[in-house]
Each structure stands twice: as structure tokens, then as C-alpha cells.
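Please look through the model shown here.

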Amino acid sequence: MPQPASGDSPWWHGAVLYQLYVRSWRDTDNDGYGDLRGVIEQLDHLSWLGVDGVWLSPTMPSPDADWGYDVSDYTGVHPELGTLDDLDDLIAAAVSRNLRVLLDLVPNHTSSAHPWFVDACVGQDSAHRDYYVWADPAPDGGPPNNWLDATGQPAWRWDSRTGQFYLHNFLDSQPDLNWWEPRVHEEFRRILAFWFDRGVAGFRIDVAHGLYKDAQLRDNPAAPGDSPLVGRFGLAPVYSANRPEAHAVFRDWRQIAERSAPPRLLLGETWVGDFDRLAAFYGADDELQLAFNFPFVFAGFSAPELSAVVARTLARLPAGSCPIWTASNHDVGRFATRWCGDDDRKIRLALLVLATLPGTTVLYYGDEIGMADVDVPPELQRDRMSMDGGRPDGNRDRARTPMQWNASPGAGFAAAGATPWLPVGPSADRNVADQRQDPGSVLSFCRSLIALRRAELGGAIASWQQLPTPPDQWAYRVGELVVLTNFADRDAEPPVAVGEILLRTGAAASAGSAPVLGPWEGIVARSGGATGAGST
Ligand code: NOJ
């Protein structure tokens, strides 16, 4: 069980972060794409909701083969989203509301349009050649090894001009950087400093598990199963990612982050299925301060599965570290669909769990209103990665559709007449304006939950303790409070006695009523006296 950091905890311990997909948030210039001015315009929604910080999806210039995850300039702003001045204004507007701003940093690969890669392709002795991973053909003239990219195709592209293959673990327009090259380290140190100087509170680090590749470029072994966490397309990414050398990069960046005043946050996209590997990204409290937990994302929505992931995570994380939980994002889709089948009871229960687990939690834009995945017809799809190949996690456009601000036909995303870049989902019930008026809505519930978390839980890392329950229930003690949940279609007796009920997901129940747990209901209560049914 991780212990609290000594002294004052950093702001992100116990924080609620909000992943904001800028292109889909609010379009102020009527071009169909959300923009930075739109984020500024709607920041009050986030202060009202009570979150502590936002992670902006990629904001840097990019040809958008992978919607910003193919960067062509690491110190600029994508013209479609705004200008550097807009970003400065956004940071200032956020700070004035006590909100921190994290940017998305993509150090595993660049766009093929990045000047480094353009130069690297001029010749084998060009200045930036070694910024990328180049290799000669295999003896049969084919790709150097068996690595596959994210679409299931060979991860190597032949460059006829210079007579070698280059590596791309994602699209062929996203060449992988070569982290064995010291100048790449220098470049990213400068990039970190550039943004920290502008007041960015930290970074979400894309493909943090992937930076280094095996120096000998050995073949990946067959995957023991087929799952996004174990291996894709029949191969386990043992040599094409997950190399131990990446830890030195994070130790270096951690020093840069901590030299800044105030210290900055490094939050890794650590796509690993093994808890020891996950824990390793925290180092000895000298690497990433937060590392995304994908076993939790991919767990089934059941008490045994979720509780097992949480217990195993807490058992492995090093002392002083802070777990982080999320259930939706722009790659894996929305929990309202994946976990909850659009069932309001389950959506509230999922939010309650996310908000009461120990550590930091991340909501994805729209989670707070229970936004569901949207079926985007093939002719309107924009995610090239899933169109090009069989990504196991399916088409990702489904979770990138415009934020639903109101019930109007365009959901308030853009001015009337603009065609949004992705179709707007059904917003009749699931929209901010209507849900704000309704004290029984998912949004009102989510806001109360965040307020309760702030007032009573504060991250409660050390004091969190699972309680014994029957299989369909999950219960835990957090400080002076107990959280009781029922993951079943029938009523359940609480496993422990409860005192005052502070919040319950069930809309019909009133405070003070008998604490039977309704189907798919969760309760946050003060600890009671005597032990109830089912406890041991
Ligand atoms: C992870 C990002 O979340 C995803 O959207 C992107 O396609 C890949 N990394 C490549 O950058």
C-alpha cells in the first residue's frame, strides 16, 4: 500500500484531472474544429465542476495524420487550434481559476513532415539521420525484423532515396525517434524547458513505454494471448517497446520538472499490462509522478475484476507514489458505453468508484454528463489509424465527437451552420445545459461527488482499505468514510454498518432511508457502529 508523500503532498495527489480533446470541445471560429479560444470560453464549466487541472490533447503543429500525435513543431501551436498567444491566454485564464494546464508531449515519434525527418531523408550522412531508427534490409531484402505497426502492417518503410528502412511503430508518417542518440535527449530537454517557462503545469507523455527500441532490433516473440495489453497481431512488443533504458529518460526529466518552481507533473501513457512494469515507471519516486493504469481501463465492470486490479496496483506501487485511475479516453472509448451500456445507474456507479479510489482520477470530456460513444458511419470517419488496419480497440472517432453543451442540433459545439469535424451524438438528454438545471442528473451527481471528494477524501492514499464483501459487491474504507457498491441487478444488504449517508447514486433513495443497496447502487457514508450482514 503506498504511503502519502512526506511533507506537503503535491497538488496532483488526489486531484481530479480532465482530459480535454481540444478539437471537440468548442469551435469559436466556425471551421468545424474546436480551438483554444473555445477552451477559454468554456473554462467556467470546469471550475464549476470542481476539477483541478486539464490535460489538453495535442496542441502542436501537425499534418494530422494522427490528429496531432504526428508533431511537426514541438514549440508551436497548431494554426487550426489557435496561436501561441491563445495558449498563453488559456494558461493565464486557467491559473486565475486555480486550474492547471498539462500539454500532450509526443517523444516516441515525430511527423514525417518534421524538419528533423525531412533532413534525415536527405542522405545517410545528413545531420539529423541518427535522430531516427534506420536499418538495412534483411538478407532476403525484406524489412529488418518482424515488428508490426499499430495497423498490423510491417513497422518498417523503405526509403529508396537513401537505401534503408526507417521504423514507424504507428503510421508510416510517424517515424520513431532514436533515443539512443544523445541529441534527441538534448532536443527534448529544451522542449520541456520551453513549455515549463510558459507556465505549463506538466505533460501527459505519449507512448512513454515505447521510447527505446532494442539496440539489436531483435524479432518480437509471439504473444501468449491476444489482448491490447499483452500483444497485438500475434506479437508481444518485447523489443519494439518496453525497454529498460527509458527509465533514465524519465529520471532526467523528473529533475527538470522538479527544478522548476513550482514542480511540474509528468504523467505517462504507460501502456503495460504487468503491475511490476507499471510500478517501475514511478522509479524510486524519481521518474514519472503518475503512470496511467491500463489494466484498470480494460477490466470488466464487475466488483471482482475492478477490486483485483486496484489491490494488485496498490500492492506493487512504491512507497510515496500516487495511483491514477481513468476509464475513458480518446483511444479506448467511453466508459458510459464500454462499462455501462448507457445505463444511468451504472454510469453514476462508475463515477463514484473513479472519485473514491485512492490517488488521482482523470475524467474524459463528457464523462461528467455520461456521454456515450457515437456510431460514426464509415463515410464520416476521420481516424486513419483505425481505417488503415484492424486496431483491436476499433474506430476511435466514436469517442472524439463534439462536446454536448446543449440540446440544439449542433449541441452548442459551433455556431449554427458550421459542420463539425465529427458528427454530434444524441444530445437530447446528455447535454450540459439541461443537466445543470436538473439536480438529479449525472452532471449534478458528478459535481457533488467531486465536492465531497475535495471536502472529505483529499486523495486518502494511505488510509484506503478494501472490506470483505459478497462477490457482487465492492466496499472500502477511506479515512472516516465507507464506500459501498452493488454491482448486481438486485438489492443487496450493505456488508458493514453505515452511519450518515453523504451521497448515493440511486436517484430515488433519500438520505436517512434504510441503507439497502439498490441494483447498481453505490453509497458514500460515514462509518457506522455495528457490523452488518455479509461482513467478516
Ligand atoms: C497514443 C495516443 O493516445 C494515440 O491517440 C496515438 O495514436 C498514439 N499514441 C500514437 O501517438
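Predicted model: local features only at pLDDT ≥ 70, side-chain atom pairs only at ≥ 80, totals over all residues.

Residues are numbered from 1 along each chain as its sequence is written, and side-chain values use heavy atoms, with hydrogens and water left out.

Helices (H or I, at least four residues) and strands (E, at least two) are DSSP runs, numbered from the N terminus. Two packed helices are described by the angle between their axes and the distance between the axes. Axes are lines fitted to C-alpha atoms, for helices over the stretch in contact, and angles run from 0 to 180 degrees between N-to-C directions.

The crossing of α5 and α6 is right-handed, a term used if the near helix is turned clockwise from the far one by less than a right angle, and left-handed if anticlockwise. On the α5 side the contact (heavy atoms within 4.5 Å) is made by His185, Phe188, Arg189, Leu192 and Phe196, and on the α6 side by Val249, Asp252, Trp253, Ile256 and Ala257. By class, the contact of α5 with α6 has 7 nonpolar, 1 polar and 2 charged residues. Here Ala, Val, Leu, Ile, Met, Phe, Trp, Tyr, Cys and Pro count as nonpolar, Asp, Glu, Lys and Arg as charged, and the others, Gly among them, as polar.

A second pair is helix α11 (residues 344-356) with α14, packed at an angle of about 20 degrees with their axes 10 Å apart. That angle makes α11 roughly parallel to α14, and their crossing is right-handed. From α11 the contact takes Asp344, Ile347, Arg348, Leu351, Leu352, Leu354, Ala355 and Thr356, and from α14 it takes Val442, Phe445, Cys446, Leu449, Arg453 and Leu457. These residues of α11 and α14 divide into 10 nonpolar, 1 polar and 3 charged.

Which residues of helix α14 (residues 442-457) are buried? They are Val442, Leu443, Ser444, Phe445, Cys446, Leu449, Ile450, Leu452, Arg453 and Leu457, where buried means under 20% relative accessible area, exposed over 50% and partly exposed in between (1.4 Å probe, protein chains only). After α14 comes Gly458, with a positive phi near 55 degrees.

Leaving aside neighbours within four places in sequence, Asp367 is in contact with Ser328, Arg334, Phe335, Leu351 and Val442. At 1% relative accessibility, Asp367 counts as buried.

The structure holds 41 aromatic pairs; rings of Phe, Tyr and Trp (its six-membered ring) pair if their centres lie within 6.5 Å, with planes under 30 degrees apart counted as stacked, over 60 as edge-to-face and the rest as tilted. The rings of Tyr33 and Trp421 have centres 6.0 Å apart and planes at 40 degrees, so the pair is tilted. Tyr33 lies in the loop between β1 (16-20) and α1 (36-41) and Trp421 in the loop between α12 (384-388) and α13 (432-437), so the pair ties together parts that are 388 residues apart in sequence. Both Tyr33 and Trp421 are buried. Trp179 and Phe188 also form a tilted pair, 5.3 Å centre to centre with 45 degrees between the planes, and both Trp179 and Phe188 are buried. One aromatic cluster is formed by Tyr74, Trp116, Tyr131, Trp179, Phe188, Phe250, Trp253 and Phe281.

Some backbone details remain. A cis peptide bond joins Ala261 and Pro262, with omega about -10 degrees, and Pro262 is found in the loop between α6 and β8 (265-268). Phe233 is not a glycine, yet its phi is positive, about 50 degrees; Phe233 sits in the loop between β7 (202-205) and α6.

Technical notes: Parallel < 35°, antiparallel > 145°, perpendicular 65-115°, else oblique.
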